[in-house]
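Please consult the sequence and the three-dimensional view alongside the text.

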Amino acid sequence: MTILKKAFLSAVCLLGLISVQAQEEMDSIYHFTTQGNPIFTHKYTADPAALVLGDTLWLFTGHDFKGGQKGYNLKDWCVFSTTDLKNWTEYPTPLRAKDFSWDERGQAYAAHTVEKDGKYYWYISTNTSGIGVAVSDRPEGPYKDVLGTQLVKREDCFASKHSWTCIDPAAFIDDDGQAWLFWGNGVCYYAKLKDNMIELDGPVKKIDFEGFEFTEAPWIHKYKKKYYLTYATGFPEKIAYAMADNIEGPYEYKGILNEIAGNSNTNHQSIVEFKGDWYFIYHNGGIQTDGSSYSRSVCIDKLYYNRDGTIKRIVMTTEGVEPVK
Ligand code: FUB
């Protein structure tokens, strides 16, 4: 950042118009220690998607604006890493909505990054323009729109009537190497991804099962050979889950996993195993005084299984989780 830009932003900050740290895009590496939940308090973060690579947990998030917003207002995405869940690093802004020339509204909705053969694929959503994919050689980016057009278009969401149905991509690479993409608002869609990770392989299908009231935010993970589909249900959102023996189902509804998150209509979860324990990462509106449904903050709590593979309800805490070695 130039000295002039820094001086200007500091002056604006002193005048109390905006918080420089909350609003500006990151242009340098920032190391910090978390004090519990929310994990990040220097800016508003939403829609977490975690990726574990060796001894590091990478966390990709959306970036909400400061308080007073009347709707979702996200222009770029953020990337953080940690090896102990206590000490974190934030990297320069790796990707912005404006990097997708085909996006009409410039809104950086929920996204998810996975790794395949040393490349990082960041599936992003844009409110009404569809789902795109950006690629990098490094998890921290920078990332580039690899297709120059949508990977999934609104028209692919064959069972929906509303314009914002094509959001919230969640990728999953199975043990046999097959990659899948799940997404949706109102209807939960999925499709296979080709080996190149940037094309759908075969038809778009949808998930349905008894008791399935799907709002958005699908997330697939696997534990002891079972597939778990977690998702936001209702509005304000709770997180529910279903289990299956095959990724395409049939899924069986298993109940509510997480309650409405404090001071936020949405909840948007990510579930990963890290260093032998399982974690539930989500957002709330917990930063006071400006936190809200549109100025959200990412949190982390432990996730525990029962003996039969069902999951215990998440206990949301302000303490967060213990550091790990
Ligand atoms: O952040 C914008 C939208 O809010 C996401 O795409 C949804 O999952 C909800 O969290």
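The ligand is surrounded by Asp47, Tyr72, Leu74, Tyr109, Ala110, Ile167, Asp168, Glu216, Thr266, His268, His283 and Arg296; a residue belongs to such a list if one of its heavy atoms lies within 4 Å of the molecule. The model is a predicted one, in which local features need pLDDT of at least 70, side-chain atom pairs count only at pLDDT 80 or more, and totals for chains, interfaces and linings use all residues. Residues are numbered from 1 along each chain as its sequence is written, and side-chain values use heavy atoms, with hydrogens and water left out.

| Side chain | Distance from a ligand oxygen to an N or O atom |
|---|---|
| Asp168 | 2.5 Å |
| His268 | 2.7 Å |
| Arg296 | 2.7 Å |

Taken alone, the ligand exposes 280 Å², and the protein buries 99% of that; these areas come from the Shrake-Rupley method with a 1.4 Å probe.

The strands come next. Strands are DSSP runs (E, at least two residues), numbered from the N terminus, and two of them pair if DSSP finds at least two bridges between them. Strand β11 (residues 170-173) runs antiparallel to strand β12 (residues 179-183), and four bridges join them. Ala170 has Phe182 in β12 as its bridge partner. The two strands form a hairpin with five residues between them, and Gly177 in the turn has a positive phi of about 90°.

Seven bridges join β20 (residues 277-284) to β21, and Ile281 has Ile300 in β21 as its bridge partner.

Aromatic rings of Phe, Tyr and Trp (its six-membered ring) pair if their centres lie within 6.5 Å; planes under 30 degrees apart count as stacked, over 60 as edge-to-face and the rest as tilted. The count comes to 31 aromatic pairs. Phe60 and Trp122 form an edge-to-face pair, 5.0 Å centre to centre with 70° between the planes. Both residues are buried, meaning under 20% relative accessible area with a 1.4 Å probe and protein chains only. Phe182 and Tyr190 form a stacked pair, 5.3 Å centre to centre with 20° between the planes.

Conventions. Buried < 20%, exposed > 50% of the residue type's maximum accessible area, 1.4 Å probe, protein only. Polar contact = N/O pair within 3.5 Å; in protein donor to acceptor, adjacent residues only side chain to side chain.
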